[in-house]
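Open your viewer and get ready to select a few side chains and strands. We will walk from one stop to the next, with a short note on what to look for at each.

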Amino acid sequence: QVQLVESGGGLVQAGNSLRLSCTASGGAFSNYAMAWFRQAPGKEREFVAAISWSGYHRYYADSVTARFTITRDNARSTLYLQMNNLKPEDTAIYFCAQGPAGGAPADAGLEKRYDSWGQGTQVIVAS
């Protein structure tokens, strides 16, 4: 079973940037789809971004399009989320997730698509 560990969270001022990382160990990485989800206080977990095993296909939630970029480095078994122009509403715990390669693009944002999850990293955006 792969283990996923997120890092890079913290407290930032609105308008600034952060880069989150998710490192996989104990299992395969390069042939799996990956994604970022987030959970704000008092809210359900929601989809942020997803990337295919090759990195060729990327999907984003409308709320983060043009501000966030998901990438992966298969040689380092690491997933990234570059977050620019952060807003207070981006405050949440951010989770990375891994799921089987393939699948319909429409399923990229579904939690059930992914079967391995990290513990999360906290991001707080101050206004």
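Start by selecting Arg45 and Phe95: the charged end of Arg45 sits over the ring of Phe95, 5.0 Å from the ring centre. Such a contact is counted if NZ of Lys or CZ of Arg is within 6 Å of the ring centre and within 35 degrees of the ring normal. Next, pick Arg72 and Phe29, where the charged end of Arg72 sits over the Phe29 ring at 4.5 Å from its centre.

A word on what you are viewing: this is a predicted model, in which local features need pLDDT of at least 70 and side-chain atom pairs count only at pLDDT 80 or more, while totals for chains, interfaces and linings use all residues. Residues are numbered from 1 along each chain as its sequence is written, and side-chain values use heavy atoms, with hydrogens and water left out.

Now for the aromatic rings. Searching the whole structure gives four aromatic pairs; rings of Phe, Tyr and Trp (its six-membered ring) pair if their centres lie within 6.5 Å, with planes under 30 degrees apart counted as stacked, over 60 as edge-to-face and the rest as tilted. Select Phe37 and Phe47: their ring centres are 5.7 Å apart and their planes stand at 70°, so this pair is edge-to-face. It links distant parts of the chain, with Phe37 in strand β4 (residues 32–39) and Phe47 in strand β5 (residues 46–51), 10 residues apart. Strands here are DSSP runs (E, at least two residues), numbered from the N terminus.

Tyr114 lies in the loop between β9 (92–100) and β10 (116–117), 77 residues from Phe37.

For the last stop, switch to cartoon view. Four strands form an open sheet in the order β1-β3-β8-β7, with antiparallel pairing; two strands pair if DSSP finds at least two bridges between them. The edge strands, β1 (3–7) and β7 (68–73), each pair on one side only. Finish at β7 and β8 (residues 78–83), which run antiparallel and are joined by six bridges; here Asp73 stands opposite Thr78 in β8.
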